[in-house]
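User: Can we go through this one, sheet and cores?

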Amino acid sequence: MARTRKTTSELLLPGASVWQSWTGADGELCQQTGEFTAEGSRFGKEATRRVLALPSTHFWVLPAWLKGETEHLRSMALLHLERMGVKTNEDEASVQVRSITGKEGANLARILALKDQPVPLSDTTYLPDEVTHHALCYPMVQNSITLFRELGRLVVAITAGSQLIYCAPLSSPRLDDHALAELNNICLQLGFQGVLGRLESIVLWIDEGDLGKIQRVTGLAPFRCDMPAPTMPPRGSSLLMPEELVLERQRQGTRSRTRFLAMSFGAAAAAAIALVATLTAFALKERNMLREKVAELMPRASRVMDHKRAWMEAAPAVDPTTWPQRMLLHCMEPESSKEALLTHWEWTPDMLSLMGRMPSASLALEYTQALKDSEALAHFGLDGPPPLIAGDQSATFEMKGGVAHEEE
């Protein structure tokens, strides 16, 4: 029985300092398989599903209370982005809206919108099937603030319950007083908007910062732990896709169709060439066979001609009527032939041709008419043009005829 091959998904995400490659099954913890540079990464060809987790700098992650029915949540979210001056496309590939909780006809929603930034892929041979936010690949502590690094930048993520509602990079490069002041300002703004619930702790996935100072400044109990391994996002959990990747996929599709058409044309041309070559080979074979048959028949044809010549030579002895001298005597039988001077005389059993001269045109006409009326020469059907009269009143004549063969 054949074994069912387990599907393997590949996840590219920004690590603390460089891009990392992780593999695993959908919805399960991943294992790291490689690292790249901080500038970008690329997918391998072995994976059956590819997921690209973009850093926080590529997204707006905004919580908002949106009033209205749940089916109109997306439209309300797009209006909220427009009021905040966030410019983005309105399709599902650019904006993702998810309801976190609801009460009294309003929904606390997390709006996830893509920014117009270059995709950090060094090789686009293999494109991602799905694109998601980096922070969504990790299990976050409930009702907490989590600090971690993406490609060297300090990032803050805030949860409401177990759901991520806010995530953005901090302007400060280190977890110092400036970073803590910025963190308090973010919490204050979210509190004014009414989207920030009760926070319980601050989780540090980084080896920096004074825990005592953090607790004094924020009023929250901090604790430090290692950054967990990411979880492979479930299939279909995100419909986000940067426009750059959409266009690249279209270009690849166009190139693929062009290659297919070129290969089809090449295959058709090869088939046509093969057909022509086959027909040519068949024609050459037939020609060679005919040549061989002709070569076999040639000796027989030459022997037949030799036999014919031999019979022609022996014909006068067998049939006196075929003797040339007898034909010449028949030409001399008319009375007017005494004045004729033959300048040309040719005879074969199938043909008689003669030319000559007479002292006058009347004698030439009389002689040619006598040859036409001769019974011995009648089978030749002699005929010719009228005599030509010369300056001295003499005339030249020409007669020619042949034996008509009956068709079988």
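Predicted model: local features only at pLDDT ≥ 70, side-chain atom pairs only at ≥ 80, totals over all residues.

User: What's the strand order in the open sheet of 4 strands?

Analyst: The order is β14-β15-β17-β16, with antiparallel pairing. Strands are DSSP runs of E, at least two residues, and helices are runs of H or I, at least four, numbered from the N terminus; two strands pair if DSSP finds at least two bridges between them.

User: Which are the edge strands?

Analyst: β14 (341–348) and β16 (388–389), each pairing on one side only.

User: And how many bridges between β15 and β17?

Analyst: Residues 351–358 and 395–402 pair over 8 bridges. Leucine 354 has methionine 399 of β17 as its bridge partner.

User: OK, cores. Which residues have the most contacts inside the largest one?

Analyst: Leu11, Leu52, Phe59, Leu121, Phe148, Cys167 and Leu245, in a core of 35 residues. A nonpolar core is a set of buried Ala, Val, Leu, Ile, Met, Phe, Trp, Tyr and Cys residues joined through side-chain atoms within 4.5 Å; buried means under 20% relative accessible area (1.4 Å probe, protein chains only).

User: Which strand gives the most to this core?

Analyst: β4, with 4 residues.

Conventions
Residues numbered from 1 in each chain as written. Heavy atoms only, no water. Buried < 20%, exposed > 50% of the residue type's maximum accessible area, 1.4 Å probe, protein only.
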